[in-house]
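Keep the structure open as you read.

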Amino acid sequence: MQTFIFLLFLVIYVVTVICNILIFVLVVADRRLHKPMYFFLCNLSCLETCYSSTILPRMLSSFLTGDKTISIGGCITQFYFFGSLAVTESFLLSVMSYDRYLAVCKPFHYRAVMNSRCCLQLVAWSWMNGWLPVMATSCFLISQHSFCGPKFIDHFFCDFTPVIKLSCCDTSLTEMLVFILSSVCALPPFLLTLVSYMCIITTVLRMSSTTGMQKAFSTCFPHLIVITVFYGSLIIVYVLPKTRTLRALNKFFSVFYTVVTPLLNLLIYSLINREVKDALSKVIKKCEYILKTQH
């Protein structure tokens with residue numbers, strides 16, 4: 001069974017990295033994809049590769065060697081990178097929602113607002129919000145605790161709740177501060193995403209043209225699935241009350257949003273998005289032509 005799990009996660013990780021690289025190459029190589037939406041998708045691809053790499057290589061190494069130990073410093077470092085990338089993704093998804101809002105609801109202002117400078121500023125803002133304030137403070141608070149518990153993390157990676165449970169002193173203040181910081185950081189991008197899509201859906205339903213409605217939904221649908229999967233998993237794991245059933249499923253959903261979602265996001269964009277599929281088929285035809293000419 002352990003061999004099967006190792007091979008399954010290894011395949012998921014390799015496919016995720018290859019898909020990310022492929023999307024990055026497609027966006028850079030095909031001029032038709034030189035648009036704000038695909039610039040943000042490139043950043044999401046890089047982010048998802050880093051996101052998977054904070055957890056999967058360590059997990060695969062544990063399966064391979066049988067060594068499941070990790071130092072306190074290593075655990076806090078993993079938590080910092082995982083948390084920072086999760087926060088960055090929430091901000092980046094909100095930026096992508098705003099991009100789709102402008103494209104559907106304010107099409108005549110889209111090019112003027114979403115220029116290259118604005119795109120760079122939005123992406124820089126997303127990455128800076130993820131890496132600088134909240135996670136650094138949270139990790140500092142955790143590092144101030146002394147750990148004298150069973151020294152067994154009931155999880156497959158170093159998340160906040162399983163780690164803080166090992167502390168031998170009162171953790172209520174740290175838990176409250178981390179909750180406040182997380183809420184302050186997570187709510188604005190979530191609300192921006194929610195409001196953007198409420199406006200998009202309202203605008204689309206008012207459209208008289210069936211063609212325009214289909215085009216609007218086709219450009220927004222992949223991103224809407226990605227948002228639903230990402231926030232749905234996070235809400236189940238971190239927000240909903242911990243009933244006995246949810247506690248049992250907690251690790252399953254954690255695997256889903258840390259391991260499966262990065263792969264699923266990319267497959268959704270590459271399988272549903274017509275422009276990405278066209279760019280991919282163009283590259284495949286070029287490769288076939290090169291191989292034929294060499295023979």
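Rings of Phe, Tyr and Trp, the last by its six-membered ring, count as a pair if their centres lie within 6.5 Å. By this rule the model, which is predicted, has 7 aromatic pairs.

Take a stacked pair to begin with. The ring centres of Tyr98 and Tyr101 are 6.2 Å apart, and the ring planes meet at 25 degrees. Planes under 30 degrees apart count as stacked, so Tyr98 and Tyr101 are a stacked pair. Both residues sit in helix 4. They are 3 residues apart, about one turn of the helix. Tyr98 has a relative accessible area of 27%, so this residue is partly exposed.

Now turn to Phe190 and Tyr231. Their ring centres lie 5.0 Å apart, with the planes at 65 degrees. The cut-off for edge-to-face is over 60 degrees, so the pair of Phe190 and Tyr231 is edge-to-face. This pair links distant parts of the chain. Phe190 belongs to helix 9 (residues 172-206), and Tyr231 belongs to helix 10 (residues 210-239). The two residues are 41 residues apart. Tyr231 is buried, at 9%; the limit for buried is under 20%.

Aromatic residues also form a cluster here. Tyr51, Phe82 and Phe157 make up one aromatic cluster.

Go back to helix 4, this time for its packing. Two packed helices are described by the angle between their axes and the distance between the axes. Helix 4 (residues 72-105) packs with helix 6 (residues 116-131) at an angle of about 150 degrees. Their axes are 7 Å apart. Angles over 145 degrees count as roughly antiparallel, and helix 4 and helix 6 are therefore roughly antiparallel to each other. The crossing of helix 4 and helix 6 is right-handed.

Which residues make the contact? Helix 4 contributes residues including Tyr80, Phe81, Leu85, Phe91 and Val95. From helix 6 come Leu122, Trp125, Trp127 and Trp131, among others. By class, the contact of helix 4 with helix 6 has 12 nonpolar and 6 polar residues. No charged residues take part.

End at Thr16, in helix 1 (residues 2-29). Thr16 has 1% relative accessibility, so this residue counts as buried. What does Thr16 touch, leaving out residues up to four places away in sequence? Its contacts are Ser52, Pro262, Leu263 and Leu266.

Methods: Residues are numbered from 1 along each chain as its sequence is written. This is a predicted model: local features need pLDDT of at least 70, side-chain atom pairs count only at pLDDT 80 or more; totals for chains, interfaces and linings use all residues. Side-chain values use heavy atoms; hydrogens and water are left out. Axes are lines fitted to C-alpha atoms, for helices over the stretch in contact, and angles run from 0 to 180 degrees between N-to-C directions. Helices (H or I, at least four residues) and strands (E, at least two) are DSSP runs, numbered from the N terminus. Angles under 35 degrees count as roughly parallel, over 145 as roughly antiparallel, 65 to 115 as roughly perpendicular and the rest as oblique. A crossing is left-handed if the near helix is turned anticlockwise from the far one by less than a right angle, and right-handed if clockwise. Contact means heavy atoms within 4.5 Å. Ala, Val, Leu, Ile, Met, Phe, Trp, Tyr, Cys and Pro count as nonpolar, Asp, Glu, Lys and Arg as charged, and the others, Gly among them, as polar. Buried means under 20% relative accessible area, exposed over 50%, partly exposed in between (1.4 Å probe, protein chains only).
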